Amino acid sequence: MTSVSADWRARVYAVVRSIPRGRVASYGLVAMLAGRSGAARAVGNVMLQCDDASVPCHRVVHADGSLARSFARQRERLRREGVRFVGGRVDLRERLWAPRLPAAATRGARVVFRGSGGRSRWTMRKDSPAL
DNA sequence: ATCTTGACCGAAT
DNA sequence: TATTCGGCCAAGA
């Protein structure tokens with residue numbers, strides 16, 4: 001058993017709750033949005049213990065579109081949202097969630113993901129270097 | 001500080 | 001396409 005701190009769990013939940021219906025995000029992307037780039041495995045630790053029904057944990061999939069073995073029914077839940085599978089994997093070309101980033105982020109600005117649900121969005125950080 | 005675990009990732013084979 | 005391997009991170013012991 002791997003434990004998870006309340007803070008980390010809250011960060012991850014906030015991101016997962018903002019994944020739109022019918023779309024999916026990889027563990028790595030969730031980690032990034034939660035402010036811990038590279039912590040994909042740690043996101044998995046949270047999902048493993050995800051009991052909160054308000055968190056659409058079925059929308060979190062592997063980076064290649066495949067699903068975790070131990071999460072039965074994930075496939076079914078995604079199908080119900082219209083997600084199509086190709087070769088046993090989610091068709092990421094069509095379903096991968098692509099959060100809109102501020103244009104400046106592309107040029108290196110520091111941004112932070114705020115909010116949850118439909119109101120979630122990236123915002124510039126006040127300490128972001130001038131561009 | 002060091003080690004272990006885990007719904008991970010990505011490149012190499 | 002599938003498997004292997006090294007590397008990644010958060011928490012606890």
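Predicted model: local features only at pLDDT ≥ 70, side-chain atom pairs only at ≥ 80, totals over all residues.

Trainee: Which residues surround DNA strand C?

Mentor: Ser3, Ser5, Trp8, Arg36, Ser37, Gly38, Ala39, Arg41, Ala42 and Arg89. By type they divide into three nonpolar, four polar and three charged.

Trainee: And what does the side chain of Ser3 sit 2.9 Å from?

Mentor: A sugar or linking oxygen of DNA strand C, counted from an N or O atom of the Ser3 side chain. Gly38 uses a backbone N or O atom instead, 3.5 Å from a sugar or linking oxygen of DNA strand C.

Trainee: Which atom of DNA strand C lies 3.0 Å from a polar side-chain atom of Arg41?

Mentor: A base oxygen.

Trainee: OK, switching to DNA strand B. How many residues surround it?

Mentor: 16, and the closest are Tyr27, Arg41, Asn45, Leu48 and Phe71.

Trainee: Which helix gives the most to the surface near DNA strand B?

Mentor: H3, with seven residues. Helix H2 (27-33) and helix H3 (40-48) each supply at least two.

Trainee: What lies near the phosphate oxygens of DNA strand B?

Mentor: A polar side-chain atom of His62 lies 3.4 Å from one phosphate oxygen. For Ala63, a polar backbone atom is 3.1 Å from a phosphate oxygen.

Trainee: How do the residues near DNA strand B divide by type?

Mentor: Eight nonpolar, seven polar and one charged.

Technical notes: Residues numbered from 1 in each chain as written. Chains lettered and ligands numbered in written order. Heavy atoms only, no water. Near = heavy atom within 4 Å. Polar contact = N/O pair within 3.5 Å; in protein donor to acceptor, adjacent residues only side chain to side chain. Nonpolar A, V, L, I, M, F, W, Y, C, P; charged D, E, K, R; others polar. Helix = DSSP H or I, 4+ residues; strand = E, 2+ residues; numbered from the N terminus.
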